[in-house]
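The account starts with a turn and then moves on to helices.

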Amino acid sequence: MDIDGRLHQAGQLWRESQPQALRVPRLDTSSQKAPPRRWMTGLIPLAASAAVAAMVIGVMILHGATTGHPVPVGSTSTSSSVDSPPPRPTASTPAQPSSTVTAPRPSSKVAATRSDVSPQPLSTVAAPPVLAPFVGQWFVHGIGLTISAGGYAVENLPPDPPCSGLPAGASGCFEQWKESVAYSLDGATATLTIIKVAAVTVGSNSVVARPSNGFQGQVGDSYTLRFMAPHLMVRTWTQGTFARNPSLWGNPYLCQSGLAQTLTSKCGA
Amino acid sequence: MTAVAREAPKRLHSVEEFTAELNAVMPVVTRVARRFAPSDQAEDVIQEACLAAWRYRHRFDPEQGSFQTWILKIVLHEGYKAGARGRRSGLLLARLTDRSHLSTAALQWGGDHQLETTVARLPRRQREVIGLYYFVDLPVQQVADLLGISCGTVKSTLADARRSIQAHLAGQESS
């Protein structure tokens with residue numbers, strides 16, 4: 001028997017072997033909603049563990065606030081909800097313009113305002129518990145970094161050496177990294193990991209041949225960003241060539257419009 | 001310009017109308033669910049599909065195709081979703097889930113096990129066409145409508161699948 005006949009016969013047998021057709025399920029016209037999906041049940045332990053983790057973190061923060069132990073950078077102050085004494089202004093804290101910088105969001109109370117924190121020049125800022133400050137356009141020398149709210153970033157760098165094989169009409173090219181962005185739980189740092197590297201022409205955004213000795217960045221290289229001041233971040237390489245040889249990477253700062261005049265020199269502006 | 005009077009397409013507003021349409025196509029719906037959903041989830045898939053169809057009944061346009069084709073598309077989609085859920089849950093290893101159930105089913109109903117196993121190894125599109133044409137017993141035109149491809153593509157896919165099956169079976173017999 002040929003395959004066609006064999007398939008027909010198999011189909012016929014299969015249909016005959018099937019039990020009766022199922023009945024139309026009762027349609028709930030009042031809510032018009034499907035019953036809870038099975039995959040949602042898998043979220044229950046996840047939600048429970050997240051709740052436990054949140055409680056543990058809350059207890060740790062409370063403990064830090066009441067005992068005066070250092071609080072993790074970026075964690076919010078809970079002094080308003082506990083019986084700890086309000087922060088007392090000291091002679092040093094208000095007078096130091098370059099002391100610990102508060103977050104760009106005025107509504108967030110940061111732990112760094114506690115009276116027992118000694119002022120340090122340009123110390124790490126307690127980042128707000130929101131991720132918005134990282135989102136936006138950043139620059140340093142010839143490098144431009146755009147962090148989007150969707151968890152991705154695009155970074156453009158001048159290629160080293162210049163790209164070859166430019167199409168007619170293209171005035172130049174730059175090395176472009178596409179990066180994933182992950183934030184720490186306290187929102188104080190962002191970790192960016194290169195997920196794509198390409199050479200892109202100026203203006204047209206068309207991909208051209210890679211530089212002769214390869215790209216500066218590799219997929220998988222990653223770095224962290226943290227605030228030094230409002231509109232000023234510092235980059236620390238954690239993975240890849242620049243992590244192994246930090247001296248190969250130039251200026252670690254990234255600036256944004258709105259940066260205080262006294263700090264613009266950080267980005268070579 | 002004279003206005004052309006057109007008959008309004010039949011919409012399914014009431015539960016009675018909807019259930020009547022559904023009852024008429026239920027045998028085919030059941031066969032598609034049993035063929036393309038994981039073997040133990042055919043009922044769930046039909047329920048999900050019927051509820052989804054009822055919820056989105058305003059999207060059904062009789063001018064775009066028949067009610068049967070529309071509901072079968074939903075059933076097929078829900079069947080694959082159920083298979084994906086099963087894979088994610090780790091019920092069975094990776095892609096073996098939705099293929100192995102076919103051979104298991106073949107063992108259960110005492111059919112052509114060798115043929116079913118070979119069909120289960122075909123690429124997804126070929127499996128779909130073979131399943132809908134030979135097992136669910138849909139005409140070529142309806143298979144084409146359901147999968148959103150042309151009749152010619154259905155026929156050529158069937159021919160390719162038959163060739164693959166023949167080659168595979170010949171290889172098995174010679175070894």
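His141(A) takes a positive phi near 45° in the hairpin of S1(A) and S2(A), where two residues lie between the strands. The strands, S1 (residues 136-140) and S2 (residues 143-147) of chain A, run antiparallel and are joined by five bridges. Two strands count as paired if DSSP finds at least two bridges between them. Within this pair, Phe139(A) stands opposite Gly144(A) in S2(A). Helices (H or I, at least four residues) and strands (E, at least two) are DSSP runs, numbered from the N terminus.

This is a predicted model, in which local features need pLDDT of at least 70 and side-chain atom pairs count only at pLDDT 80 or more, while totals for chains, interfaces and linings use all residues. Residues are numbered from 1 along each chain as its sequence is written, and chains are lettered from A and ligands numbered from 1 in the order in which they are written.

Helix H1 of chain A covers residues 3-17. Its buried residues (20 or more other C-beta atoms within 10 Å of their own, C-beta atoms being placed from the backbone) are Leu7(A), Ala10(A), Gly11(A) and Trp14(A). These lie on the same side of H1(A) because they cover an arc of only 100° around the axis, the arc being that of the directions from the helix axis to the C-beta atoms. Gly5(A) and Glu16(A), on the other side of H1(A), are exposed, the cut-off for which is 12 or fewer such atoms, with partly exposed in between.

Chain B has eight helices and zero strands. Of its 175 residues, 39% count as buried.

Methods: Expected span 1.5 Å × (residues − 1).
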